[in-house]
Amino acid sequence: MVPASDIPNVRVLPDDVANKIAAGEVVERPASVVKELVENALDARATRVVVRMVAAGNRLIEVQDNGHGMSEQNALLAVERHATSKIRTAQDLDGVKTLGFRGEALASIASVSRFSLVTRRAADDEATHLRIDGGVLRVVEKAGAPPGTKISVSRLYFNTPVRAKFLKGITTELGHCIDVVQRHAFAHEGVAFQMLHNDKMLLDIPEHASLRDRVALIWGRAFVRDMVDVDGESGGFRIRGLVGQPGLSRAARTHQYFFINGRPVVNRSLQYGLEEAFRGLLTVGRHPVALLLFEANPRMVDVNIHPTKREVRFRDDRGVRDALKEVVRGCLTTIPRPAAPPPEPETGGPALWEGPMSAVSQQGNAPPPHPAPAPTAPPPPAAPTPQPAVQGMLLPLGRPLLAEHPPVPPEETPPPVHGGGEAAAYSIVGLAPEALYEPVENLSDALMQVFDTYLIVPSGDRLLIIDQHALHERLNYDQLCAELQDRGYESQQLAVPLVMEFAPAQAAQIEENLPLLARLGIEMEPFGDNTFQVTALCHLYEESAISDLVYGVLDELAQGSLFDRENLMADMLRMATRACKASVRAGEPLSPEERRNLLAGFRRLRPPYTCPHGRPIIVELTRRQMEKSFRRIQ
């Protein structure tokens, strides 16, 4: 039995404690302050927003706008908890049209910083100046200022030093702040944005810049050239914006931005809808690039499920997902078929693009065959030219491949399998996932090639079906890994440096991590503004895939997790080595000697039997499966 004296009494928290608890929910890091202040400026109908920062916001965050401003009475109320001009009744929460509405942002920020607010309405002769230190109002006075509002936040977390210890480095925190500003710059085309850090201009977006212009200014002109305009309506949603062509993909979802009624949001249904729109067009592990703005009835969206309004919930998740899929697919039909065949999809670079999306079924099946062109007179046969195929191969198979055979088109990429893992990919009759994991011993040399793509190998009471391209690519990849262990990241100077343009946050990351990139075999140097040039590469990397390599490193760094150099090395080799291009292709006839050489390499492998990109090398057809198919057994 607990004594009554030991039972704590219920008490109302003091205001300063309540404010600091609220600040912990709203003010997670300097970027949270930038977000709240920029959203207040936009809600005030500003057409120009200037963000100034010192030391990534640790010393100063200042946001100035030319919005409608506030009177002295409203300014004093604005820094109180639960004070807002944006909602009045509980019913208003069902139709929120503004970015901010909780009424806790300014009070929370002021409770953990030295806070200054200067605001003036256009009709007033003087501005109002408030100064608050750690939640305590110190100064209320008149001041001179142009119409609008300027809020300065200095010494963030000065009275809660424990929270300050959880902040990351300057580059990481600055990157989060830049991301906040550029997201709002994308969503509000009629507003000019400027962002300065330590008096250096990072972003300068003119008021009348279009969405495509804003993407070019933030992500780079080369980036926007590979994006397609999206504009359509479906399911009660108006969707517009830009999506990358299938050749413009990323290994992570870092370049997928979604906006609902001008609000940057995170929602898995939107991500799934976008992935479905590109199903069958991207290789496994690649993600589309998109910047999409949705306009919808506010009552269709619940924006009040997260303290920082970062996540939203839809009344009909499936409806918004299907709407996104339909509109994006419809806009992708405007992309013309390329004149030249694209690179192999297994390189981890640009994915296979088979033409207009209208030819792809809703289930992601292969497009129907195109009508055959009218027959034309064949050109006179040209003299055969010897092909230096042996030099391009890492594991020669006995003779120069492709020397006697014309080039074949790249193989089709199977659509990704969702929700079932590796086993789901082999759930049809006759294929078993166990072949990916069980060692294969005592293989027969009596192998044959079918469809110029697969090797059929008898093994006991089963037949093994081997993908010749996936197997050869795995063998080449393993050899490259061994070579890397022996020679390290030995770099070679490029005859012509490769120039790359980055967003401001990424440029800051690269500048800080130039030594790390050099240790990974990518030597870069600044080339003005947010541009860098690659001057030397590791001898194992393909120059055409260097963009994916650099973005892969940036994605790893942006996640804020511990940097795993060994795993990143494997990812980089998969993306950018010569393993794929040096391998035999699907549709390429092999001599008996070449088949035996491949089989000898396969015998040295151990599970899992997959290529460097995760596709299976082998599936099996057992005798029992065959007898069930012929109804010899039940």
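**Ground rules**

I worked on a predicted model, where local features need pLDDT of at least 70, side-chain atom pairs count only at pLDDT 80 or more, and totals for chains, interfaces and linings use all residues. I number residues from 1 along each chain as its sequence is written, and side-chain values use heavy atoms, with hydrogens and water left out.

**Entry: the sheet**

I took helices (H or I, at least four residues) and strands (E, at least two) as DSSP runs, numbered from the N terminus. Two strands pair if DSSP finds at least two bridges between them. I looked up an open sheet of 3 strands and read its order as β21-β23-β22, with antiparallel pairing. β21 (491-501) and β22 (522-526) stand at the edges. Each has a single partner strand, so one side of each is left without a neighbour in the sheet. I note that neighbouring strands of this sheet are turned by 25° against each other on average, direction ignored. For such angles, axes are lines fitted to C-alpha atoms, for helices over the stretch in contact, and angles run from 0 to 180 degrees between N-to-C directions.

I then followed β21 to β23 (residues 531-538): 7 bridges join the two, which run antiparallel. Which residue in β23 is the bridge partner of leucine 498? I found valine 534.

**Entry: salt bridges**

My criterion was a side-chain nitrogen of Lys or Arg within 4 Å of a carboxyl oxygen of Asp or Glu. The search of the whole structure gave 19 salt bridges. For burial I used relative accessible area: buried is under 20%, exposed over 50%, partly exposed in between (1.4 Å probe, protein chains only).

I checked lysine 35 and glutamate 36 first. Their closest N and O atoms are 4.0 Å apart. Glutamate 36 is buried at 5%, and lysine 35 counts as buried at 16%.

Next came arginine 238 with aspartate 231, at 2.9 Å between the closest N and O atoms. Arginine 238 is partly exposed, at 27%.

I also looked at arginine 253 and glutamate 275, which meet at 3.2 Å, N to O. This pair links distant parts of the chain, 22 residues apart: arginine 253 is in the loop between β11 (249-250) and β12 (256-260), glutamate 275 in helix α9 (residues 268-277). Arginine 253 is partly exposed at 36%, whereas glutamate 275 counts as buried at 15%. I found one network too: salt bridges that share partners join Arg114, Arg131, Asp133 and Arg138.

**Entry: aromatic rings**

Rings of Phe, Tyr and Trp (its six-membered ring) pair if their centres lie within 6.5 Å; planes under 30 degrees apart count as stacked, over 60 as edge-to-face and the rest as tilted. I got 9 aromatic pairs. Phenylalanine 237 and phenylalanine 314 are edge-to-face, 6.0 Å centre to centre with 75° between the planes. Phenylalanine 237 sits in strand β10 (residues 237-244) and phenylalanine 314 in strand β17 (residues 313-314), 77 residues apart. Phenylalanine 237 is buried at 3%, and phenylalanine 314 is buried at 5%.

Phenylalanine 502 and phenylalanine 532 are also edge-to-face, at 6.1 Å and 65°. Phenylalanine 502 lies in the loop between β21 and α14 (504-512) and phenylalanine 532 in strand β23, so the pair ties together parts 30 residues apart in sequence. Both are buried. I logged one cluster: Phe186, Trp219, Phe223 and Tyr257.

**Entry: charges over rings**

I required NZ of Lys or CZ of Arg within 6 Å of the ring centre and within 35 degrees of the ring normal. The charged end of arginine 183 sits over the ring of tyrosine 257, 3.8 Å from its centre. For arginine 114 over phenylalanine 158, I noted 4.3 Å.
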